[in-house]
Amino acid sequence: MLERVGGIGSCCSAQKGKQRFFSTTRRRNFYFLYLLVHLLEFAKSIPLDSTSMAPATSNSNDGDASVSLQDVVEEAKSLSRIFTAKDDEQSASSTEPLKVLGAGLGRTGTSSLAMALRKLGYKTYHMEELALSGHAPVWAEYARSVLDDDESEVETASKREQAIGVMAKGGYNATTDFPACLIFEELMDTYPNVKVILSVRSSGNVWAESVRKTLARAWPTMSRRPWGWLPQLQPWQDLFPFIWTSVGALPRSPLPLPSDILEADVLANAHDRWAERVRSKVPSERLLVHTSSDGYGPLCYFLGVSDGDCPSEEYPRSNEANEMVRTFNAMDIMAVCFDIAVTTIAFAVCVRLGLMLRRRKGPREDIARVKKKE
């Protein structure tokens with residue numbers, strides 16, 4: 001009789017524990033968001049400037065890059081554009097031949113150049129367009145092919161043509177920035193009449209400092225949880241090693257490396273070597289070496305824009321460096337909050353399971369003691 005009653009009590013206790021355990025499932029999402037919001041509320045009091053999260057020293061021209069809670073929320077909203085990006089191939093009515101090719105490396109004023117070219121009527125392909133148009137997987141396929149020593153040249157060329165094709169089908173007739181600048185020779189072969197603009201910084205050291213503060217952080221940051229788990233960001237895990245190996249700033253490596261692995265002197269030499277390479281490959285009559293301080297004048301003259309149509313306004317000044325620093329700071333904060341939240345939830349679940357097992361074990365021990373007395 002005692003055995004039967006004990007069995008019923010054990011069953012009821014286990015059933016109640018099971019109900020209590022699964023009732024928490026409905027509230028887990030709320031708990032996670034509640035914890036994340038409070039962590040972000042705490043994080044807003046932490047001033048994060050470019051030097052606290054990056055190896056390079058800050059530049060007074062880059063402005064304030066501290067991160068507040070509002071910044072984190074805004075950056076999270078902006079990141080959602082990447083997650084909802086769609087391929088624009090079907091939206092283009094016809095292909096467009098490339099007329100202007102930006103052969104300058106990223107962080108050499110390519111954003112300002114893209115803005116200037118758009119002002120002059122060109123549909124310009126920049127890294128931001130790559131992300132928002134959904135082309136990153138196509139470029140990632142090409143990047144993997146380049147980094148794979150077992151890949152044949154025919155397969156690599158085929159994937160490169162696919163990357164060139166998505167730009168043409170998107171109606172882009174001008175390019176700047178990574179990764180299109182890395183295939184400037186192939187683009188010149190595809191479009192023999194294209195004009196080439198080589199954007200440069202005042203020195204390789206200036207470029208190296210800018211890169212170490214911005215783009216160098218992209219690969220390590222995107223490899224952190226939860227960003228490394230998101231399929232929308234997976235292509236970038238292949239694109240960034242492809243970029244740095246292509247410019248000669250990094251040895252081939254399948255693993256995400258810390259941002260400080262891109263040494264300043266190596267980057268500075270890479271900038272100068274790249275500029276010399278472009279100069280040696282492009283005929284002088286088709287090449288314009290341009291800096292943002294040169295303004296619209298040389299650009300309009302090179303592209304055949306009349307004085308009347310050349311903008312009289314100031315040359316565009318992009319604030320991309322600050323935006324990138326804020327984005328990576330916000331992503332780092334959210335990654336830390338994610339790790340804390342997951343650890344907290346996992347600990348709570350383990351404690352709950354331990355209590356459940358202890359309660360289930362209690363009635364059995366009581367029955368065993370009664371039997372022993374009998």
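Which residue in strand 5 does I197 stand opposite? It's L288. Keep in mind that this is a predicted model.

- Five strands make up an open sheet, and they line up in the order 2-3-1-4-5 with parallel pairing.
- The edges belong to strand 2 (124–125) and strand 5 (287–290); each has a single partner strand, so one side of each is left without a neighbour in the sheet.
- Strand 5 pairs with strand 4 (residues 195–199) in the parallel sense, and four bridges connect the two.
- That brings us back to the opening pair, with I197 opposite L288 of strand 5.

**The disulfide and other cysteines**

- If you search the whole structure, you'll find one disulfide.
- Its two ends are C300 and C310, with an S to S distance of 2.3 Å.
- The pair links distant parts of the chain, ten residues apart: C300 is in helix 14 (residues 296–303), and C310 is in the loop between helix 14 and helix 15 (320–373).
- As for handedness, the link of C300 and C310 is right-handed, with 80° about the S-S bond.
- Both C300 and C310 are buried.
- C350 is exposed, since its relative accessible area is 53% and the exposed label needs over 50%.

**A look around S112**

- You'll find S112 in helix 5 (residues 110–119).
- S112 has a relative accessible area of 7%, so it is buried.
- Skipping neighbours within four places in sequence, S112 is in contact with S292, Y315, P316, R317 and S318.

**Cis peptide bonds**

- The bond from F178 to P179 is cis, with omega near -5°, and P179 lies in the loop between strand 3 (174–175) and helix 9 (184–190).
- R225 and P226 are also joined by a cis peptide bond, where omega is about 0°; P226 lies in the loop between helix 11 (218–222) and helix 12 (234–246).

**Positive phi without being glycine**

- R107 isn't a glycine, yet its phi is positive at about 70°.
- Look for R107 in the loop between strand 1 (100–102) and helix 5; R107 is buried, with a relative accessible area of 10%.
- D177 isn't a glycine either, and its phi is positive at about 75°.
- D177 is found in the loop between strand 3 and helix 9, and at 5% relative accessibility D177 counts as buried.

Technical notes
Residues are numbered from 1 along each chain as its sequence is written. This is a predicted model: local features need pLDDT of at least 70, side-chain atom pairs count only at pLDDT 80 or more; totals for chains, interfaces and linings use all residues. Side-chain values use heavy atoms; hydrogens and water are left out. A disulfide is a pair of cysteine sulfur atoms within 2.5 Å. Buried means under 20% relative accessible area, exposed over 50%, partly exposed in between (1.4 Å probe, protein chains only). Contact means heavy atoms within 4.5 Å. Two strands pair if DSSP finds at least two bridges between them.
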